[in-house]
Amino acid sequence: MTRQEPAEPDFYDRSLFINREISWLSFNQRCLDEAMDPSIPVLERVKFLAICYGNMDEFFMIRMPGLLGAEIDRLVNIGPDAYDNENELIRDINYRVNALTDGYEDAWADIERALAGKNIHILSSDSINPRQKMWLDDFYTERLHPLLTPLALDISHPFPFISNNSLNLAVRMRNEDDTILYARVKVPVGILPRFLRIPSEGKANDFVLLENIIKDHVSALFPGLKILGVYKFRITRNADVKVTIDEAADLMTAVESAMDSRDQGFPVRMVVEDTMPDDLVKVFSKNLKLKDNQVTRASGKGMMLTDLWELYGLNEPGLKYKPFVPRLPAEITESPNMFYAIKKKDWIFYHPYEPFDVVVRFLREAAEDPDVKSIKICLYRLGKKSEIIRQLMRAKERGKNVSVLMELRAKFDEVNNISLARELENIGVHVVYGPVNLKVHSKLLQVVRLEKDRLVRYTHMSSGNYNANTARSYADISYFTANQEIGEDVGELFNALTGYFGPRDYKHLLVAPLTLKSTLIELIRREAENSARGEKAYIAMKANGLIDSDIIAELYKASRAGVKIDLCIRGLCCLRPGVKGISENITVTSIVDRLLEHARIYYFENAGDPKMYMGSSDMMPRNLIARVETLFPVLDPEMLVNIRECILMPCLKDNVKSRVLQSDGTYLLRQRKKNEKKIHSQEWYIANQGVWHGQDSRVH
């Protein structure tokens, strides 16, 4: 009787996948863990808590609308998971959201105590002294009262529009007839600081919350009425707007029209102060058409903590991380120009351990160099007062042919990008917006220079945006090359983006949605085949997200084939490691630390002939299907080894900030073994700046 081989498991079985939304909430918990860590400088903890709260706002603005029955973009929601229905998922989401909300409040209470120990006080009404009270009375009368507009809530007044994520006060009152009355007052955060600094004694920094000043003076807004209570609340609205293009509109007009409606999206969540009476909650939930599970109660102190950025901005360097000075190799700083240095060899820079100014310098020199004939660049997020934009304008003034692909649909940066696009167009820069049905997320810059009657392409590619502000806090890979085949590939991609996007012949680049996903799958399969033949096989990946079910299924197959797989996925990860017979050879870690891990590195051992790709793309359906993304190969074998050993491995071996994903979806801090050397990857990068350039690279 012939023995039958056991059937191959279903690698798309829903139980093998962690739900995307649950994974996102787990990531926010890891951010909250940093805010709770007393070993971190207190103002850095303030920053992490502000990030947590902002992340939660974005979760409800972008992710929840689809779960609540709005139109879902299937390209970014695709993939199996273990939930049978959306009601079950929403129940679990609400449970985790409530736990996070409690965590925010606990973290803020702990941070407040720590701030007080550093002479920074957030004072309540009963803790201010008489002199401060007089100052606040004057401030209210002269600076605050004229900005306030009380809005009655009754049948004779239309229910007011409550703007997205604004801070509001609900007022409950009684008139002479014993009738209960309600009103809403918007707190003018933005016009005035939320954390208002007030006169203090000695070296103390005393602050009062803006809404508490209004609470203490609210009777001035409602004379003759008895104030029964004043309660904070805020509404979060759907901000996942869809850009609709018809025959009468171009892309810019369509994006502008969509932006006009963003702040008017339907309500998805209301957070109310925990002491707000039920009758008042019902007034709002009924008018806003919110179900009970869309209302969250929180303490007054634990609300709208995104404004903690105001406190982080305090000039208190002793309460923040010790600054470090980014350094460049001597070959760059002493080079007469960037073209000379790049012509000699390819360069990899790791920002912000090495300054982003090297990119600005490259563009500045290109703008001024009379031999430079053209500059092409893809722009996604830029920030205000961009030096990149200034140099592009300078290049145009100097007679260069400048082409800019501006992605107008970069979420929450649309208005800024439209403004910059118009500014560039006004001086004659050729601005295009890319394919209508695809966002352009690639980070590409190419300079064409005339050298001895020959045009030479100098190319820059990156995992991060051309944004000098975020480059100080995002850890990104930056690559310069004069390799002409790479240059031809990038030039061909620019032609596709400015012309008609479709299949092209690329020698080296992996381009989504064309070849990137299929090539990654092919590389994973090759490792499985090598392992089956007894050859060297190993996969290491560093990315922000791993959601795509096809990629995950291939990683499961490779694990079953005996391939050791190390994944460092900072944010969302739907792969379930450590499942017997499926993913026992897969380790998934996440690092949340001082700098935002943002680099993407894909490494394959390839039977002793390693392959490595880096670039803009994560392993998520939106990256692989709905965006133009680019991964570039590391062609220099010595550079590949340096990146593997000095950038990728310290991250994978981190045993200080690394959290390990368990098969049940939870994350646990990696425990150091007895006598194991402490490896804190970001501190290692700071202490060993530039080591990834090789042993011969001198650092100033």
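**Figure 1. A salt bridge between Arg394 and Glu397 in helix α13.** In this predicted model, the side chains of Arg394 and Glu397 meet in a salt bridge, with an N to O distance of 3.7 Å. Helix α13 covers residues 387–397, and because Arg394 and Glu397 are three residues apart in this helix, about one helical turn separates them. Arg394 has a relative accessible area of 31%, so Arg394 is partly exposed. Glu397 has a relative accessible area of 59%, so Glu397 is exposed.

**Figure 2. A salt bridge between Asp609 and Lys611.** The side chains of Asp609 and Lys611 form a salt bridge at 3.9 Å, N to O. Asp609 counts as partly exposed because its relative accessibility is 44%. Lys611 also counts as partly exposed, here at 32% relative accessibility.

**Figure 3. A salt bridge between Arg449 and Glu451.** The closest N and O atoms of Arg449 and Glu451 are 2.8 Å apart, and the two residues form a salt bridge. Arg449 and Glu451 are both buried. The strand β15 consists of residues 444–450, and six of its seven residues are buried, so β15 is largely enclosed by the rest of the structure.

**Figure 4. Strand β15 and its pairing with β11 and β16.** Strand β11 (residues 372–379) runs antiparallel to β15, and five bridges join the two. Within this pairing, Ile375 stands opposite Val447 of β15. Strand β16 (residues 455–462) also pairs with β15 in the antiparallel sense, over seven bridges. Here Gln446 has Thr459 in β16 as its bridge partner. β15 and β16 form a hairpin, with four residues between the two strands. Lys452, in the turn of this hairpin, has a positive phi of about 55°.

**Figure 5. A network of salt bridges that includes Asp33 and Lys657.** Salt bridges link Asp33, Glu34, Asp37, Lys657 and Arg659 in a network. A search of the whole structure finds 47 salt bridges.

**Figure 6. The largest cavity and its lining.** Five cavities of 30 Å³ or more are found in a search of the whole structure. The largest cavity has a volume of about 80 Å³. Which residues line the largest cavity? The lining is made up of His351, Phe356, Ser462, Gly464, Asn465, Asn467, Thr470, Ala471, Tyr474, Asp476 and His598. Sorted by class, this lining has seven polar residues, three nonpolar residues and one charged residue.

**Figure 7. The second largest cavity and its lining.** The second largest cavity holds about 50 Å³ of space. Its lining consists of Tyr53, Met56, Asp57, Thr101, Tyr104, Arg269, Val271, Thr296, Ala298 and Gly302. Two helices, α2 (42–67) and α4 (86–116), each supply at least two residues of this lining. Two strands, β8 (267–273) and β9 (295–298), likewise supply at least two residues each. Which element gives the largest share of the lining of the second largest cavity? The largest share comes from α2, with three residues. By class, the lining of the second largest cavity divides into five nonpolar, three polar and two charged residues.

Terms used:
Residues numbered from 1 in each chain as written. Predicted model: local features only at pLDDT ≥ 70, side-chain atom pairs only at ≥ 80, totals over all residues. Heavy atoms only, no water. 1 Å grid on protein atoms, 1.4 Å probe; cavity = no way out; pocket = protein on both sides within 12 Å on 5 of 7 lines; lining within 4 Å. Points joined across faces, edges and corners; volume = space filled by probe spheres on them. Nonpolar A, V, L, I, M, F, W, Y, C, P; charged D, E, K, R; others polar. Salt bridge = Lys/Arg side-chain N within 4 Å of Asp/Glu carboxyl O. Buried < 20%, exposed > 50% of the residue type's maximum accessible area, 1.4 Å probe, protein only. Pairing = 2+ DSSP bridges.
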